[in-house]
Amino acid sequence: REAGFDLVASDVAAACQRADSTALAGLLAGWAEARFDSLRVDKRGLGDSEGEPCATQGFDRELADARAAVGRAKEMARARGNIPLVVFGHGTGGAMAVMLAGELDVKGVIAFGTPSTRWLRSRRDAVREQLVLDGAESEVEAELAAMEDVMNEGELDGRTAAYHLELDAVDLEATWRQINIPVLVLRGQHDWVVTERDQARICELAANAKITVLAGIDHQLGHHENRDASMRDYGFGRFDASIVKATVEWIDKLAKAR
């Protein structure tokens, strides 16, 4: 936060609300209303970013881009009076955030829907849990085998096999163990993409982590009445300001401690 940022924050918040009603836009607008200065970066080939299609990019390339983005944010924070830099990572972005935190002197990490285990194990565990919850235990092995086949063809979740293998090569458990700065783990109650256990274990690995469960929220930051509704209307949940409250209060506390 900085003095004199009110006008910019109000303009940004209004622009976000006019331009898009998605949960992410609501989160950015909430941060702006709280007078937080934020930098959002789209992946290559998405949003305003140029470059090859996102689906063709490997994880190592995305990590390098994230490194450049966080480095730029660090420069901006220094220019504004060395304000503390906090990185918010969603899904695999949370993994990138913790990988870059020590390297770039980040003061805090917020990870939403982020795994603590190796990537492919995390995906398998999530698929297995979904099927069990749906009463389809007998289909687990077949579905996991099909997932492997799809990944080998480069189509799993719209990403190449190289992407998945590069990410899977990262020892996320060791990475979480090495981080000592404050970490806020946010888990959506209806997140069926990354298991509850996988996310909660970050608090066992990281020395200074706490977890906050957001009622009704799914992996796409949208609010749904239940898990079934999230699976049916995935990506179209309504915005819930509880994520703004949780993040703003945590960052405020972090700043005061500093």
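**Entry 1: helix H12**

I began with the burial of helix H12 in this predicted model, and I found Ile243, Val244, Ala246, Thr247, Val248, Trp250, Ile251 and Leu254 to be buried. I then looked up the extent of the helix: H12 covers residues 242–257, which is 16 residues, and spans 23 Å from its first C-alpha to its last, close to the 22 Å expected at 1.5 Å a residue. Next I asked what covers the buried residues of H12. The cover includes helix H2 (23–33) together with strand S1 (86–90), strand S2 (108–112), strand S3 (183–188) and strand S4 (209–214).

I turned to the charged side chains, where I noted a count of 22 salt bridges. One of them joins Arg67 to Glu103, and the closest N and O atoms of this pair are 2.6 Å apart. I placed Arg67 in helix H3 (residues 59–79) and Glu103 in the loop between helix H4 (92–101) and S2, so that the pair, 36 residues apart, links distant parts of the chain. I checked accessibility for both partners: Arg67 is partly exposed at 31% relative accessibility, and Glu103 is likewise partly exposed, with a relative accessible area of 45%.

I looked up a further pair, Glu148 and Arg124, whose salt bridge has its closest N and O atoms 2.7 Å apart. This pair also links distant parts of the chain, since Glu148 belongs to helix H6 (residues 140–152) and Arg124 to helix H5 (residues 119–133), 24 residues apart. Glu148 counts as partly exposed at 23% relative accessibility, and Arg124 counts as partly exposed at 29%.

Is Arg187 buried or exposed? At 10% relative accessibility Arg187 counts as buried, because the threshold for burial is under 20% relative accessible area.

Conventions: Residues are numbered from 1 along each chain as its sequence is written. This is a predicted model: local features need pLDDT of at least 70, side-chain atom pairs count only at pLDDT 80 or more; totals for chains, interfaces and linings use all residues. Side-chain values use heavy atoms; hydrogens and water are left out. Helices (H or I, at least four residues) and strands (E, at least two) are DSSP runs, numbered from the N terminus. The expected span of a helix is 1.5 Å times one less than its number of residues. Buried means under 20% relative accessible area, exposed over 50%, partly exposed in between (1.4 Å probe, protein chains only). Contact means heavy atoms within 4.5 Å. A salt bridge is a side-chain nitrogen of Lys or Arg within 4 Å of a carboxyl oxygen of Asp or Glu.
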